[in-house]
Amino acid sequence: MIIGNFKEKYIQLRIRLERGIKNQIFSSRFRHFVKKYLGLDVGIGSYGYLCFPRGTKIGNYCSIADGVKFLAGNHPVEHISTAACFYNPVLGLVKPEYDIERKKLEIGNDVWIGQNVLITNKCTQIPNGVVIGAGSIVTSVPSPYTIVAGNPARIVRKRFDDETVALLEKSRWWEFEAHILAKYVDLMDKPKEFCSAVLKLRELDSNGESTK
């Protein structure tokens, strides 16, 4: 018990000291720590992910605002009682086989989730390029590269036309380190030109030429 309490205090202290946005985005050491002790699989360039439960997977270059929550499970409304003490083994009255199903969430790349968004367990995936407006309640899986908002969250508009989306997916730009992508920041408001530049980078890689 003493060892367990010490470990928990160590984890909380380290998170408190190192949870700054710069560490979350750039520190591979911090991401390794988060995976080992919190069970979160986080890609490069992402931040705000400490709000999610164990087992969540977050892709690269995701921006997650304060107050975001994922509801992994629901109280069993079909049971005589919805009280947690009758299904949650952590509370000490029932065996693990009586526990409810708890879903896991997978977030793609370049996803932006606004402040105080609530993601229900009917949404187990947020695809690449999705933007979710602040305060939204997400009850289904959004389409890739859409902006959604509201209660329940609905499509406001697409971020790009289908041709541009196809180019973005082909480029897989999010697989490159931030310092490489930063060289092309003047093209980031010109998606097709940016994708062309990234595809040229991939060609250099395939030819064994350095992209560092």
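These legends accompany close-up views of a predicted model.

**View 1. The open sheet of three strands.**
The strand order is β4-β7-β10, and the pairing is parallel. β4 and β10 (137–138) are the edge strands, and each pairs on one side only. Strand β7 covers residues 118–119. Two bridges link β7 to β10 in the parallel sense. Opposite Ile119 stands Val138 of β10.

Thr120 sits in the loop between β7 and β8 (125–126). Is Thr120 buried or exposed? Its relative accessible area is 15%, so Thr120 is buried; the cut-off for buried is under 20%. Leaving aside residues up to four places away in sequence, Thr120 touches Phe70, Leu71, Ile137, Val138 and Thr139. One of these contacts, Val138, is also the residue opposite Ile119.

**View 2. Ala83 in its loop.**
Ala83 belongs to the loop that runs between β4 (69–70) and β5 (106–107). Ala83 counts as partly exposed because its relative accessibility is 27%; that class lies between 20% and 50%. How far apart in space are Ala83 and Leu204? The C-alpha to C-alpha separation is 59 Å, and the two residues are 121 apart in sequence.

**View 3. Strand β11 and its two partners.**
Strand β11 (residues 146–149) pairs with strand β9 (residues 131–132) in the parallel sense, over two bridges. Ile132 stands opposite Val148 in β11. Strand β12 (residues 154–158) runs antiparallel to β11, and four bridges join them. Thr146 has Lys158 of β12 as its bridge partner.

**View 4. The hairpin of β11 and β12.**
Four residues lie between the two strands of this hairpin. Which residue of the hairpin takes a positive phi? Gly150 does, with a value near 110 degrees. The paired strands on either side are antiparallel.

**View 5. The largest pocket.**
The volume of the largest pocket is about 400 Å³. Its lining has 19 residues. Nearest the pocket centre lie Asp110, Arg159, Phe160, Trp173 and Met188. Which helices each supply at least two residues of the lining? They are α5 (178–181) and α6 (191–206). By class, 15 lining residues are nonpolar, one is polar and three are charged.

Terms used: Residues are numbered from 1 along each chain as its sequence is written. This is a predicted model: local features need pLDDT of at least 70, side-chain atom pairs count only at pLDDT 80 or more; totals for chains, interfaces and linings use all residues. Side-chain values use heavy atoms; hydrogens and water are left out. Buried means under 20% relative accessible area, exposed over 50%, partly exposed in between (1.4 Å probe, protein chains only). Two strands pair if DSSP finds at least two bridges between them. Contact means heavy atoms within 4.5 Å. On a 1 Å grid over the protein atoms alone, a cavity is a set of points where a 1.4 Å probe fits but cannot get out, and a pocket is an open set with protein on both sides within 12 Å along at least five of seven lines; lining residues have an atom within 4 Å of a point. Grid points are joined across faces, edges and corners, and a volume is the space filled by probe spheres set on the points. Ala, Val, Leu, Ile, Met, Phe, Trp, Tyr, Cys and Pro count as nonpolar, Asp, Glu, Lys and Arg as charged, and the others, Gly among them, as polar.
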